[in-house]
Amino acid sequence: MAHTVPFRLPRVSWSKHGVNLLSFRQDARDVLGEYMPSEGAVVVDPLWTRAGVPEAIAIHEVRHQFLYRNTTFGLFTQLLTFMVERGSQSRGPRGSLAQQRQEALDLKAVALELGRKVLPKCFENQWCVQELAATYAEISYVAARHPELFEQEVRGLPSARLDQPPYREVFDTMDRLLPVDPRRPKELSDAQAELVGLLVAASMNSDCLVRMQKLPWDVGASPKWVMDPAKALLACMKDPPYLRLERIMNHLVANGLLEPLREEAAREFRRSADSSAAKNPPSPGAAEILYERIVTLIPQLAIYRDADIPEQAHYANLAWKDLTGVNVPKERATEPFPAIKESRQREQQGLAAHPVSELPPIALRERLKLTVQNTLGLTLEFWLKEPSQAFVAARSYFLKKGAAPCPGGKEDEGRSPLPVDVHGLMSTPDIFRELAPFPALPHIVVFGDDSWRRWYKVPGGRPRFEACVQVCRQTHLTQDYVLYLLQFVQEGDELPDFIVRDLRAGRAVPLEALGEGAEFFLIKLGLNEHVGCIFNRRRPLVYGLQKLPADLGIQLFLTICQTLGIQQCQESRPVLYTDLLTMVAFDFVF
Amino acid sequence: MFERAYAVSAIGEFKKRILDNMLRLQSETAMNELCVPVGMFLVLDRASGGNTIGDEVIRRFSLLDLESRNIIDFFFLGWGRSKSSSLTFDLKAFQSCRDALHKAGVSGFGGYADLLLFDAWLRHERVSLDFENALHIDLAESVANKRIVSAGSFLEGLLQAAEEIRTDGSLNSRVVIRISDKLGLATAKRSILHFVLEKWGKIIGANSLVELATRRVGPVVDLAGL
């Protein structure tokens, strides 16, 4: 045996470690990133968290997403989560109304029981392997691309020895066998990280769904559950991923198979990269070949293949639907990109520091009057959670002489100071009433995130601002949000439901058609701060601004624009209002 | 690549560095139980009420880093490196570290420049800091009372002691001791502070020996609880 120390993962306890599969926390910092089934992989604004390598956080969260959506144990977790969340809202599939009510009550009780007993166990069973795959991929990325930060990143991992979730321990367990070495070529590091990802996927492709189909439940029987549902579902997890990974690794080590597998991974991924560079016809990918090798090297363990999973998922879903009367959403698709979102902590701090209060109508009226009297420019910013009320911020600026609504330049620095911003909550009828005597104002209207969709539901809302420059400024960066931004720019209508539905279900949508006529360019505001601007020359008063934190933000935005068919603006075709947009963008970011 | 003298800006970072170093030592030496010496400086800068002794200690940061290599981990609580690599003091961070120590039962700061020297243990999967048998020197007070000539020469003695431990071939036969080329000094199952003080005492001479008496400056603290 090459290694005398057996591969043994730490045993996690939900209550002891405060384990949370979905989030990656670090001491004294905000959450760096998280994976939520409903939202996908999320990287929290790296400018806020000061994450050393935001791309590595993205890789970490995307790895969770992959395992959650593409392995049998991940799908089992989805079913269970869905049952717990929706159980109380379900109706039985047949019978009288009274019977259906009774069944709904039964299901609610079952859901509570599953949420208390089974779901925590389900997460405990996979926590170590999920975090191992995600953390190993993250650290490998840092080692290969930012070797100077490698030790700092490893040191920063939470540890059970500090009474934190045992990220450091799970990483070290694999690192002892397959060391991450910052001096190694990037390709080898990547291949090794992929291999670890495949080993973990093999540990999560257990027979849990097969066991679930075979459970002795009878939907027509009374009581509905032939056996205790919690016990039944716990029995589906009799071969938990963490034990499976230990068996896989110990078998590979004991039989001297790990090193040849590592070498094969390096070879296959190199071949795959060469083949792709040479634009050869598609052949089985390196991942497929390696996964198949893992399956054949460990014949004593039931490791399901990718091709087996759809059928298993289908029958497990059917069993579930029979039982609960609820369709389980299909979640096998892989989101193309992670998201970058604002920090919740930051939002809470902002609200605590600047509590929202009412804005008296007279304050807006005075600002409008002052704007006319002093020939100033005025930006009105709106945030709406519902059409009846808006958070309004009125911000003045110097107008460029004879070129309204464009902002003035340095020549205005000697003028008297601008009035301070006024802001607060106002009812939309009050806003209309105060704006009525000033049809030429504001010069610029700015909608926060998707507030425009609610403003457009206010009668007369949309036409009121058609004569001024309209900007939607968006904070969170995801493909869906950029799609809404594009919709604002293109037509100002909501996305057709079928597109939203298809997007969420991962079905093919001709996305590139949506960007027809739209262009984008980047506004640089600082070393790491950029804003992406989307516009269409057919609608010269309408612009979408997207906050882009760090290089990761830029890369994501460029990729999403390419996917949606939004063309990069040609320098030879200047954009109207560049200065104005830079001014709005600057207010937005800082 | 692996820094030895650490400028620590918060107690969390201090904990992570101690733990990281011990895990790496454990991995390299394959010792289940090990002990390393840790030096902790509590030094104020001039703007926050510090004095010339503090200045002298901070001036020696790089020297301590270089000369104590592979023997002792020194931590300067509240001090961090700016982008230009110069050391900067953060009073808030310093205070948070002091509060954490105080909460753990480690108190008694002279007010200008103190050194705490103690053993850190890794055993039974936990890390603990032994303040029961520690060295606490109020450098400013010791210089004022002429028990030591200067902070500089006193620390110089410590570095010499560290160097002698490194080059003393007989140590390995007397105790289970490991000096890692990359990481540092560790003993198994025995206090390492004892060896450091023994060497140091011989260097600084009889007049200053009283300064090297270990005493209880606090309890044994589990690193996680600090």
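The lining of the largest cavity comprises 4 charged, 2 nonpolar and 1 polar residues (Asp, Glu, Lys and Arg count as charged; Ala, Val, Leu, Ile, Met, Phe, Trp, Tyr, Cys and Pro as nonpolar; the others, Gly among them, as polar). The model is predicted, with pLDDT of at least 70 required for local features and 80 or more for side-chain atom pairs, while totals for chains, interfaces and linings use all residues. Residues are numbered from 1 along each chain as written, chains are lettered from A and ligands numbered from 1 in written order, and side-chain values use heavy atoms, without hydrogens and water.

The lining consists of A:Thr379, A:Glu381, A:Arg395, A:Val446, A:Arg473, A:Val584 and A:Asp587. The cavity holds about 40 Å³, a volume filled by probe spheres set on grid points joined across faces, edges and corners. A cavity is a set of points on a 1 Å grid over the protein atoms alone where a 1.4 Å probe fits but cannot get out; lining residues have an atom within 4 Å of a point.

Strands β8 (444-448) and β9 (469-474) of chain A pair in the parallel sense over 5 bridges (pairing requires at least two DSSP bridges). The open sheet has 9 strands with mixed pairing, in the order β7-β6-β5-β8-β9-β12-β11-β10-β13 (chain A). Because β7 (422-427) and β13 (567-568) of chain A each have a single partner strand, one side of each is left without a neighbour in the sheet.

Terms used. Helix = DSSP H or I, 4+ residues; strand = E, 2+ residues; numbered from the N terminus. 1 Å grid on protein atoms, 1.4 Å probe; cavity = no way out; pocket = protein on both sides within 12 Å on 5 of 7 lines; lining within 4 Å.
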